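Opening the notebook for this one. I want to go through a few spots and jot down what I find.

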Amino acid sequence: MLVGNEAARRRRGARLLTWTTALLLSAGPGGARTTEFCLEGLFDIGVRHQGLRAGVSERTPTTWCVVTEDDGDRVVYRASGKVNPDLDDSWAVAYPAADVVRIVNRDDPPDVEFRGVEVAAAEARRVRRLDPRRLAEELESRGGVIPDLDIELDAGRIAWVTSRASFPLRGEVPVVWRWRWDDPAAPRASLTVESEVVFEASGRWRELAAEEATALWQLSGGVAPIEAPAEQWPARVAMRRIDLDAHTFLVRGVRTGFQHLVVDTEQGLVVADAPAGWVELHHLPPRDLVGGLGVSGLSEGLIDFLEAEAPGRPLRAVALTHFHDDHAGGARAFAAAGAEVLAPADAADFLDRSLDRAPAPPDRLARSGGEVSVRAVAEPLTIGERRPVTVLPMDASPHVGDQLGVWARDADIFFVSDVHVPVDEEPRPRTGRERTECWFAGWATGHLGPNTRVANSHSAVTTPVSRLREIAASPTCRGLTAAR
Ligand SMILES: [Zn+2]
């Protein structure tokens, strides 16, 4: 602990340093500024499932901010809102140098830094264009043409920005930004994907004081970042097999934070969930989350991995646990490989239509001229006799209306997606996801065997039903049940 003069000296030292930095910055060429542009409005997370529940609003308060410099290419992007109906989230990414991407964890240091990222500069430029003044400057400096963006000006201001992108469950569609400048200091934006308005927001600029601008580039908590290999940005694909018994395994690392259950029944492999690519809408133009893999590439890679791990075994089925694009959007790859596509009953029609929409992504199924045919699972469906797997319809949860669990009976492993994502082995629901976790703990207690263990798509923790019973009985979950 610092006391007395020592503490005062350090404070003086810190203040002096700040003033020096401020002087240096304000002396920059042309009074170079650092500017934050924030869009605040409502984002429709239903964009991820294409209006299946038309009329049910999933519009949620959302903020997107981009910080840019007059005389530099450094960019910070931060956002807050929801990525799922039952999960609040906020995140920030900085591009502090031409080949560096930093995940900024201000509230929970250290940061994570990817160095030597070839695409970092191009990505920073796509994010920078979120600020329409920066986009207008770039357009002028490039003689009026920016590749893959069709831009219309109105009185020198950005009015329309049109591009195209491929989305899982949607196909290749237009993505359009419309800017309105009734108040030049607070333009209104609407972002349309295909024909649906997915984000309506109002923009504001704010010039950062020198001290705040300097702090932007400092590491969170003043500690060294975790260094991650460049090829792991923006998502890591590093599949490995985790055996659960002789015929049951998980494939971990399908992409960052995704694992899948596989059961080798005597009829062939049964896989839980079909991962999909995704594009980032705050990029202009939008780009693949996992660069170059497109909509079906992740699932095609998973299938190649399975062929290498289980040579000669046919793909019997893929069970889509629910219709969210990150779990169902890669089903075209499984159809191309001859697997039956199983889905929750109330999502089957939607998925059947969505997975075959034209223009389809340029994937294996498109090249083979095939189609996806989705089978609705309304009753428990058991595949195989000697090492059976049961695809089990579950009830509606706070996460999604209708969903399936995949139960490897011999290994007694039950696989679920998104309704149970524990971060530790504590007998209480995960903070921030209490409603969903408590719902699942109650459901599992009533429907699974006493010795069943639950694996999930997004965390490596496997939970015995005995612990789920404790979670269901925790004060938090009892309080939520009583409140219902
Ligand atoms: Zn989901």
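Which residues in α10 meet which in α11? I'm working from a predicted model here. On the α10 side I find F440, A441, G442, A444 and T445, and they meet V465, L468, R469, I471 and A472 in α11.

Next I looked up the geometry of that pair. The axes of α10 and α11 (residues 465-472) come within 8 Å and cross at roughly 130 degrees. I therefore put α10 and α11 down as oblique to each other. Their crossing is left-handed.

Then the metal. For the zinc ion I noted four protein donors: H322 (NE2), H324 (ND1), H399 (NE2) and D418 (OD), at 2.1 to 2.2 Å from the ion. Along the sequence the spacing of these donor residues reads H-x1-H-x74-H-x18-D. H399 sits in the loop between β23 (389-394) and β24 (403-408), and D418 in the one between β25 (413-416) and α10 (434-447), so this pair ties together parts 19 residues apart in sequence. Buried or exposed, I wondered about H399 and D418? Both are buried.

The 4 donor atoms subtend 90 to 167 degrees around the zinc ion, so I wrote the arrangement down as irregular.

Last stop, R430, in the loop between β25 and α10. R430 is partly exposed, with a relative accessible area of 26%. Leaving aside residues up to four places away in sequence, R430 touches V421, V423 and E437. I also took the C-alpha separation of R430 and H420: 8.9 Å, with the two 10 residues apart along the chain.

Key: Residues are numbered from 1 along each chain as its sequence is written. This is a predicted model: local features need pLDDT of at least 70, side-chain atom pairs count only at pLDDT 80 or more; totals for chains, interfaces and linings use all residues. Side-chain values use heavy atoms; hydrogens and water are left out. Donors are N, O and S atoms within 2.8 Å of the metal (3.2 Å for Na, K and Ca); water is not among the atoms, so sites may look incomplete. Four donors count as tetrahedral if all angles lie between 85 and 135 degrees; four count as square planar and six as octahedral if opposite donors are over 155 degrees apart and all others between 65 and 115; anything else is irregular. Helices (H or I, at least four residues) and strands (E, at least two) are DSSP runs, numbered from the N terminus. Buried means under 20% relative accessible area, exposed over 50%, partly exposed in between (1.4 Å probe, protein chains only). Axes are lines fitted to C-alpha atoms, for helices over the stretch in contact, and angles run from 0 to 180 degrees between N-to-C directions. Angles under 35 degrees count as roughly parallel, over 145 as roughly antiparallel, 65 to 115 as roughly perpendicular and the rest as oblique. A crossing is left-handed if the near helix is turned anticlockwise from the far one by less than a right angle, and right-handed if clockwise. Contact means heavy atoms within 4.5 Å.
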